[in-house]
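Hello,

Here is the structure we talked about. My notes follow below it.

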Amino acid sequence: MAGEESKKLKLYSDWLSSCAGRVRIGLNLKGLEYEYVPVNLLKEEQQTPEFLKLNPVGFVPVLVDGDVVLADSFAILMYLEEKFPQHSLLPKDLHGRGINYQAANIVCSSIQPYQNISILKFMKEKLGPDADVAWARDQIRRGFAALEKLLKDYSGKYATGDEVFLADLFLAPQIDGAIRRFKVDMDEFPLLARIFKAYLELPAFRDAMPGRQPDTPAEHRD
């Protein structure tokens with residue numbers, strides 16, 4: 001569980017951010033205590049001078065560990081994996097690690113960027129009031145179709161077997177967002193739907209979901 005080192009961890013997060021959600025799950029799995037610092041993306045608090053000093057790109061999450069400041073969920077999770085080896089986020093075999101990296105990157109490179117607030121705002125302004133949701137839903141469905149094909153030979157109870165690993169941390173918030181925000185019909189993706197139900201049985205995952213964060217609006221709380 002958390003030692004003295006973990007008490008200085010600070011996570012800048014927005015309740016609805018799937019990128020921050022990945023890190024919240026990782027921190028929970030490793031039993032690390034952290035201070036939650038809310039950053040309201042809709043109010044563009046990520047563009048304030050104070051926040052841009054932490055992450056010049058202007059995205060959450062940002063992890064502060066003493067003098068170490070890291071942005072980007074993948075970098076943060078790999079840092080946590082190296083520093084806090086308890087509950088490893090990666091399987092021991094090289095092939096298994098490769099599949100986890102591949103699945104995680106499908107989410108963070110081929111799905112999530114297309115549903116960023118700035119992208120959706122642009123789509124709505126240029127193409128009409130419903131274009132943003134239609135665009136995001138289409139990109140999610142394409143990515144989910146690829147994940148179904150990739151994971152069919154590797155999945156067990158979870159994405160790459162019967163233990164939780166890195167791919168699961170990326171998948172859970174993305175599937176939650178697909179259902180919660182974009183009303184994607186998960187009947188089309190039975191493997192992902194099945195493992196998402198398994199995630200929700202785990203406290204580390206449930207407690208990291210958008211509906212349970214300190215900055216979750218009352219109307220969106222689970």
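Are Phe 144 and Phe 189 buried or exposed? Both are buried (under 20% relative accessible area; exposed is over 50%, partly exposed in between; 1.4 Å probe, protein chains only).

First, the ground rules. This is a predicted model: local features need pLDDT of at least 70, side-chain atom pairs count only at pLDDT 80 or more, and totals for chains, interfaces and linings use all residues. Numbering runs from 1 along each chain as its sequence is written, and side-chain values use heavy atoms, without hydrogens or water.

**Aromatic pairs**

The structure holds 6 (Phe, Tyr or Trp rings, the six-membered one for Trp, with centres within 6.5 Å; planes under 30 degrees apart are stacked, over 60 edge-to-face, the rest tilted). Phe 144 and Phe 189 pair edge-to-face, at 5.5 Å between centres and 85° between planes. Phe 144 sits in helix 6 (residues 131–151) and Phe 189 in the loop between helix 7 and helix 8, so the pair ties together parts 45 residues apart in sequence. Helices here are DSSP runs (H or I, at least four residues), numbered from the N terminus.

Tyr 199 and Phe 205 are stacked: 4.9 Å centre to centre, 10° between the planes. Tyr 199 is buried at 1% relative accessibility. Phe 205 is buried at 0%.

Phe 74, Tyr 101 and Phe 170 form one aromatic cluster.

**Helix 3**

This helix covers residues 73–83. Its buried residues include Phe 74, Leu 77 and Leu 80.

Best wishes

Key
Helix = DSSP H or I, 4+ residues; strand = E, 2+ residues; numbered from the N terminus.
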